[in-house]
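Please look over the chain shown below before reading on. The report that follows takes up a few residues and strands in turn.

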Amino acid sequence: MFRFSTLLMAVITLSNHSMHSIRAEDSSAWQEVVATDFCDPAPSVDPSGPRWRIRSGIWEATKDGLSKPNRDIEAVLSLRLPVATGAVRVELDARSDDPGDLSIIIGTDFKGASVDTGAAFFGFGANGNSLSKIEHNGKKLVENRNAAITPGQWHHIIAERSGGELILSADTKEICRAVEPQDGFAGPYIALYVWNKAVLRSVKVLVRDDASLRAHLSKDALLRSDSFAAESVVPPASPTKT
(Lines give C-alpha, C1' and ligand atoms only; values in the text may rest on other atoms or scores of the structure.)
Protein backbone atom coordinates (compact mmCIF):
# COMPACT_ATOMS: atom_id res chain seq x y z
CA MET A 1 0.00 0.00 0.00
CA PHE A 2 1.31 3.44 -0.89
CA ARG A 3 0.30 6.83 0.54
CA PHE A 4 0.48 10.00 -1.53
CA SER A 5 0.41 13.43 0.14
CA THR A 6 1.13 15.80 -2.71
CA LEU A 7 0.52 14.40 -6.17
CA LEU A 8 -1.30 11.48 -7.76
CA MET A 9 -0.58 10.51 -11.34
CA ALA A 10 -2.61 7.77 -13.00
CA VAL A 11 -2.91 6.05 -16.32
CA ILE A 12 -5.12 8.00 -18.70
CA THR A 13 -6.31 6.69 -22.04
CA LEU A 14 -7.08 9.39 -24.59
CA SER A 15 -8.36 7.07 -27.32
CA ASN A 16 -5.83 8.50 -29.81
CA HIS A 17 -7.36 11.92 -29.20
CA SER A 18 -5.17 15.05 -29.00
CA MET A 19 -5.66 17.76 -26.38
CA HIS A 20 -6.53 20.18 -29.19
CA SER A 21 -9.55 18.16 -30.39
CA ILE A 22 -11.58 17.44 -27.28
CA ARG A 23 -15.00 17.56 -28.89
CA ALA A 24 -16.41 14.57 -30.71
CA GLU A 25 -17.02 14.84 -34.43
CA ASP A 26 -20.38 13.09 -34.22
CA SER A 27 -22.83 15.33 -32.35
CA SER A 28 -25.16 12.38 -31.72
CA ALA A 29 -22.61 10.17 -29.95
CA TRP A 30 -20.56 10.43 -26.79
CA GLN A 31 -16.83 9.97 -27.27
CA GLU A 32 -14.56 8.74 -24.48
CA VAL A 33 -11.55 11.01 -23.95
CA VAL A 34 -10.31 9.88 -20.53
CA ALA A 35 -10.36 6.47 -18.83
CA THR A 36 -8.55 5.86 -15.55
CA ASP A 37 -8.21 2.59 -13.63
CA PHE A 38 -7.32 3.44 -10.03
CA CYS A 39 -6.67 -0.26 -9.28
CA ASP A 40 -3.36 -0.14 -11.17
CA PRO A 41 -0.75 -0.66 -8.40
CA ALA A 42 2.11 0.85 -10.39
CA PRO A 43 0.73 3.38 -12.88
CA SER A 44 2.94 4.60 -15.68
CA VAL A 45 2.86 8.26 -16.61
CA ASP A 46 2.46 10.06 -19.92
CA PRO A 47 4.14 13.44 -19.24
CA SER A 48 2.39 15.04 -22.23
CA GLY A 49 -1.08 13.85 -21.26
CA PRO A 50 -3.63 14.70 -18.58
CA ARG A 51 -3.34 13.47 -15.01
CA TRP A 52 -5.24 13.44 -11.76
CA ARG A 53 -4.00 15.72 -9.03
CA ILE A 54 -4.64 15.65 -5.29
CA ARG A 55 -6.13 18.96 -4.23
CA SER A 56 -6.96 17.96 -0.66
CA GLY A 57 -7.13 14.97 1.65
CA ILE A 58 -5.18 11.73 2.12
CA TRP A 59 -5.36 9.03 -0.53
CA GLU A 60 -3.91 5.51 -0.57
CA ALA A 61 -3.36 3.23 -3.57
CA THR A 62 -4.82 -0.24 -2.86
CA LYS A 63 -5.69 -3.35 -4.89
CA ASP A 64 -9.35 -2.24 -4.87
CA GLY A 65 -8.64 1.28 -6.06
CA LEU A 66 -7.79 4.66 -4.66
CA SER A 67 -8.79 4.76 -1.00
CA LYS A 68 -9.68 7.67 1.28
CA PRO A 69 -9.02 6.14 4.74
CA ASN A 70 -10.47 8.80 7.05
CA ARG A 71 -13.86 10.45 7.63
CA ASP A 72 -15.38 13.86 8.33
CA ILE A 73 -12.97 15.74 6.09
CA GLU A 74 -13.04 16.48 2.38
CA ALA A 75 -10.75 14.91 -0.20
CA VAL A 76 -10.67 16.20 -3.76
CA LEU A 77 -9.04 14.95 -6.95
CA SER A 78 -8.91 17.17 -10.02
CA LEU A 79 -8.24 16.39 -13.68
CA ARG A 80 -5.82 18.78 -15.35
CA LEU A 81 -7.35 18.33 -18.82
CA PRO A 82 -10.02 20.99 -19.61
CA VAL A 83 -12.83 18.62 -20.61
CA ALA A 84 -15.86 20.69 -19.53
CA THR A 85 -15.92 22.98 -22.56
CA GLY A 86 -19.32 21.74 -23.73
CA ALA A 87 -21.43 18.65 -23.20
CA VAL A 88 -19.63 16.28 -20.84
CA ARG A 89 -20.38 13.10 -18.91
CA VAL A 90 -18.34 11.76 -15.99
CA GLU A 91 -18.78 8.10 -14.97
CA LEU A 92 -17.38 7.09 -11.57
CA ASP A 93 -17.27 3.61 -10.00
CA ALA A 94 -16.88 3.93 -6.24
CA ARG A 95 -17.97 2.52 -2.88
CA SER A 96 -18.07 3.62 0.73
CA ASP A 97 -18.42 1.56 3.91
CA ASP A 98 -19.02 4.78 5.86
CA PRO A 99 -21.05 6.82 3.36
CA GLY A 100 -20.77 10.55 2.88
CA ASP A 101 -20.35 12.08 -0.61
CA LEU A 102 -19.28 10.18 -3.69
CA SER A 103 -19.70 13.37 -5.66
CA ILE A 104 -18.60 14.96 -8.93
CA ILE A 105 -17.89 18.60 -9.80
CA ILE A 106 -18.09 19.87 -13.38
CA GLY A 107 -17.09 23.33 -14.60
CA THR A 108 -14.74 24.67 -11.94
CA ASP A 109 -11.77 26.98 -12.45
CA PHE A 110 -10.30 26.35 -8.97
CA LYS A 111 -10.02 30.09 -8.40
CA GLY A 112 -13.05 30.64 -6.15
CA ALA A 113 -13.64 30.47 -2.42
CA SER A 114 -14.52 26.77 -2.72
CA VAL A 115 -13.74 24.02 -5.21
CA ASP A 116 -17.24 24.21 -6.75
CA THR A 117 -17.50 28.01 -7.07
CA GLY A 118 -19.08 28.76 -10.45
CA ALA A 119 -19.50 25.04 -11.15
CA ALA A 120 -22.09 22.28 -10.95
CA PHE A 121 -21.92 20.01 -7.90
CA PHE A 122 -23.47 16.57 -8.39
CA GLY A 123 -23.79 15.35 -4.82
CA PHE A 124 -24.44 11.62 -4.47
CA GLY A 125 -24.96 10.71 -0.80
CA ALA A 126 -24.32 14.31 0.23
CA ASN A 127 -24.97 15.94 3.61
CA GLY A 128 -23.97 12.84 5.59
CA ASN A 129 -25.66 10.54 3.06
CA SER A 130 -29.03 12.12 3.83
CA LEU A 131 -29.77 13.18 0.25
CA SER A 132 -28.50 13.55 -3.28
CA LYS A 133 -28.57 16.90 -5.06
CA ILE A 134 -27.42 19.14 -7.87
CA GLU A 135 -26.09 22.61 -7.12
CA HIS A 136 -24.82 25.40 -9.36
CA ASN A 137 -22.38 27.92 -7.91
CA GLY A 138 -23.39 26.83 -4.40
CA LYS A 139 -27.13 27.21 -5.02
CA LYS A 140 -29.24 24.07 -4.76
CA LEU A 141 -31.22 23.39 -7.93
CA VAL A 142 -32.80 20.06 -6.97
CA GLU A 143 -32.53 17.35 -4.31
CA ASN A 144 -33.70 13.77 -3.81
CA ARG A 145 -33.95 12.44 -0.26
CA ASN A 146 -34.70 8.91 -1.47
CA ALA A 147 -31.33 8.34 -3.14
CA ALA A 148 -28.30 7.51 -1.03
CA ILE A 149 -25.10 5.48 -0.92
CA THR A 150 -25.53 1.85 0.15
CA PRO A 151 -22.66 0.97 2.53
CA GLY A 152 -20.18 -1.49 1.01
CA GLN A 153 -21.84 -1.52 -2.42
CA TRP A 154 -20.07 -0.49 -5.61
CA HIS A 155 -22.00 2.31 -7.30
CA HIS A 156 -21.82 3.48 -10.90
CA ILE A 157 -22.36 7.24 -10.66
CA ILE A 158 -22.90 9.48 -13.68
CA ALA A 159 -22.85 13.28 -13.76
CA GLU A 160 -23.93 14.72 -17.10
CA ARG A 161 -24.16 18.16 -18.62
CA SER A 162 -26.00 18.20 -21.95
CA GLY A 163 -28.84 19.92 -23.80
CA GLY A 164 -29.11 22.69 -21.23
CA GLU A 165 -29.67 20.23 -18.38
CA LEU A 166 -27.68 18.79 -15.48
CA ILE A 167 -28.38 15.13 -14.69
CA LEU A 168 -27.24 12.88 -11.83
CA SER A 169 -27.70 9.12 -12.09
CA ALA A 170 -26.55 6.09 -10.10
CA ASP A 171 -26.74 2.40 -10.99
CA THR A 172 -28.74 3.07 -14.19
CA LYS A 173 -31.37 5.14 -12.34
CA GLU A 174 -31.82 8.88 -12.74
CA ILE A 175 -31.68 10.63 -9.35
CA CYS A 176 -31.84 14.34 -10.09
CA ARG A 177 -32.35 16.55 -13.15
CA ALA A 178 -32.24 20.34 -13.35
CA VAL A 179 -32.11 23.08 -15.97
CA GLU A 180 -28.60 24.49 -16.19
CA PRO A 181 -28.48 28.23 -15.46
CA GLN A 182 -27.74 30.09 -18.68
CA ASP A 183 -24.62 31.73 -17.27
CA GLY A 184 -22.81 28.38 -17.61
CA PHE A 185 -19.62 27.44 -15.78
CA ALA A 186 -16.66 29.35 -14.40
CA GLY A 187 -14.08 26.95 -15.78
CA PRO A 188 -13.40 23.81 -17.85
CA TYR A 189 -12.23 21.43 -15.14
CA ILE A 190 -13.77 18.51 -13.28
CA ALA A 191 -13.12 17.08 -9.82
CA LEU A 192 -14.07 14.11 -7.66
CA TYR A 193 -15.26 15.00 -4.14
CA VAL A 194 -15.39 12.59 -1.17
CA TRP A 195 -16.19 13.32 2.49
CA ASN A 196 -16.09 10.03 4.45
CA LYS A 197 -14.16 6.79 3.91
CA ALA A 198 -14.38 5.60 0.31
CA VAL A 199 -12.67 3.76 -2.54
CA LEU A 200 -12.59 4.99 -6.14
CA ARG A 201 -12.17 2.17 -8.66
CA SER A 202 -12.37 3.86 -12.05
CA VAL A 203 -13.52 6.98 -13.85
CA LYS A 204 -14.35 7.81 -17.46
CA VAL A 205 -14.97 11.15 -19.14
CA LEU A 206 -16.97 11.45 -22.36
CA VAL A 207 -17.72 14.51 -24.50
CA ARG A 208 -19.73 15.46 -27.57
CA ASP A 209 -20.81 18.45 -29.61
CA ASP A 210 -24.17 19.76 -28.42
CA ALA A 211 -26.04 22.38 -30.43
CA SER A 212 -28.91 22.45 -27.90
CA LEU A 213 -26.51 23.32 -25.08
CA ARG A 214 -24.96 26.14 -27.10
CA ALA A 215 -28.41 27.49 -27.94
CA HIS A 216 -29.31 27.41 -24.23
CA LEU A 217 -26.28 29.28 -22.89
CA SER A 218 -26.03 33.07 -22.75
CA LYS A 219 -23.68 34.95 -25.08
CA ASP A 220 -21.24 35.60 -22.25
CA ALA A 221 -21.29 31.94 -21.24
CA LEU A 222 -20.53 30.88 -24.82
CA LEU A 223 -17.61 33.28 -25.08
CA ARG A 224 -16.24 31.98 -21.78
CA SER A 225 -16.76 28.37 -22.82
CA ASP A 226 -15.05 28.88 -26.17
CA SER A 227 -12.04 30.37 -24.39
CA PHE A 228 -11.63 27.23 -22.25
CA ALA A 229 -10.18 25.22 -25.12
CA ALA A 230 -6.95 27.21 -24.88
CA GLU A 231 -6.37 26.02 -21.31
CA SER A 232 -4.37 22.85 -20.63
CA VAL A 233 -3.43 22.68 -16.95
CA VAL A 234 -5.21 23.11 -13.63
CA PRO A 235 -4.23 26.29 -11.76
CA PRO A 236 -2.45 26.03 -8.38
CA ALA A 237 -4.44 24.78 -5.41
CA SER A 238 -6.92 27.14 -3.76
CA PRO A 239 -9.35 26.83 -0.82
CA THR A 240 -11.82 23.97 -1.28
CA LYS A 241 -15.43 23.22 -0.38
CA THR A 242 -16.11 22.84 3.35
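This is a predicted model: local features need pLDDT of at least 70, side-chain atom pairs count only at pLDDT 80 or more; totals for chains, interfaces and linings use all residues.

## A buried asparagine

Asn 129 has a relative accessible area of 18%, and because buried means under 20%, this residue counts as buried. Asn 129 belongs to helix H1, which covers residues 126-129, and its phi is positive, at about 65 degrees, although the residue is not a glycine.

The side chain of Asn 129 comes to 2.8 Å from the backbone nitrogen of Ile 149.

## Another positive phi

Asp 72 is also not a glycine and yet has a positive phi, here of about 60 degrees. Asp 72 is placed in the loop that lies between strand S5 (65-68) and strand S6. Is Asp 72 buried or partly exposed? With a relative accessibility of 46%, Asp 72 counts as partly exposed, whereas Asn 129, at 18%, is buried.

## The chain as a whole

The chain has 242 residues, of which 55% count as buried, and its secondary structure comes to 3 helices and 16 strands. Among the contacts between residues at least 6 apart in sequence, 73% join residues that are at least 24 apart. The accessible surface of the chain amounts to about 10400 Å², and carbon and sulfur atoms account for 50% of that surface.

## An open sheet of strands

In what order do the 7 strands of the open sheet follow one another? The order is S3-S6-S15-S8-S9-S10-S11, and the pairing is antiparallel. At the edges of this sheet stand strand S3 (52-56) and strand S11 (139-144), each of which pairs on one side only. From one strand to the next, the twist averages 20 degrees.

Strand S6, made of residues 75-79, pairs with S15 in the antiparallel sense over 4 bridges, and within this pairing Ala 75 stands opposite Val 194 of S15. Val 194 is also the bridge partner of Leu 102, a link that belongs to the pairing of S15 with S8.

## Strand S8 and its partners

Strand S8 runs over residues 102-108, and because 7 of its 7 residues are buried, the strand is largely enclosed by the rest of the structure. In the order of the sheet, S8 stands between S15 and S9. Its pairing with strand S15, which covers residues 189-194, is antiparallel and is made by 6 bridges.

The pairing of S8 with strand S9, residues 120-125, is likewise antiparallel, and here 3 bridges join the two strands. In this pairing, Ile 106 stands opposite Ala 120 of S9.

## Surroundings of Ala 159

Ala 159 is part of strand S12, which spans residues 155-162, and at 0% relative accessibility this alanine counts as buried. Apart from neighbours within four places in sequence, Ala 159 is in contact with Val 88, Arg 89, Val 90, Ile 104, Ile 106, Phe 122 and Ile 167.

## Surroundings of His 136

His 136 lies in strand S10, residues 131-136, and with a relative accessibility of 7% it counts as buried. The side chain of His 136 reaches the backbone oxygen of Gly 184 at a distance of 2.8 Å. Not counting residues up to four places away in sequence, His 136 touches Gly 118, Ala 119, Ala 120, Leu 141, Pro 181, Asp 183, Gly 184 and Phe 185.

How many disulfides does the model contain? The count comes to 0. Cys 39 has 22% relative accessibility and counts as partly exposed, while Cys 176, with a relative accessible area of 2%, is buried. Cys 176 stands 17 residues from Ala 159 in sequence, and the two are 9.8 Å apart in space, taken from C-alpha to C-alpha.

Note on methods: Residues are numbered from 1 along each chain as its sequence is written. Side-chain values use heavy atoms; hydrogens and water are left out. Buried means under 20% relative accessible area, exposed over 50%, partly exposed in between (1.4 Å probe, protein chains only). Two strands pair if DSSP finds at least two bridges between them. A disulfide is a pair of cysteine sulfur atoms within 2.5 Å. Contact means heavy atoms within 4.5 Å. Axes are lines fitted to C-alpha atoms, for helices over the stretch in contact, and angles run from 0 to 180 degrees between N-to-C directions. A polar contact is a pair of N or O atoms within 3.5 Å; within protein, one must be able to donate a hydrogen and the other to accept it, and residues adjacent in sequence count only if both atoms are side-chain atoms. Accessible areas come from the Shrake-Rupley method with a 1.4 Å probe; for residues, only the protein chains shown count as cover.
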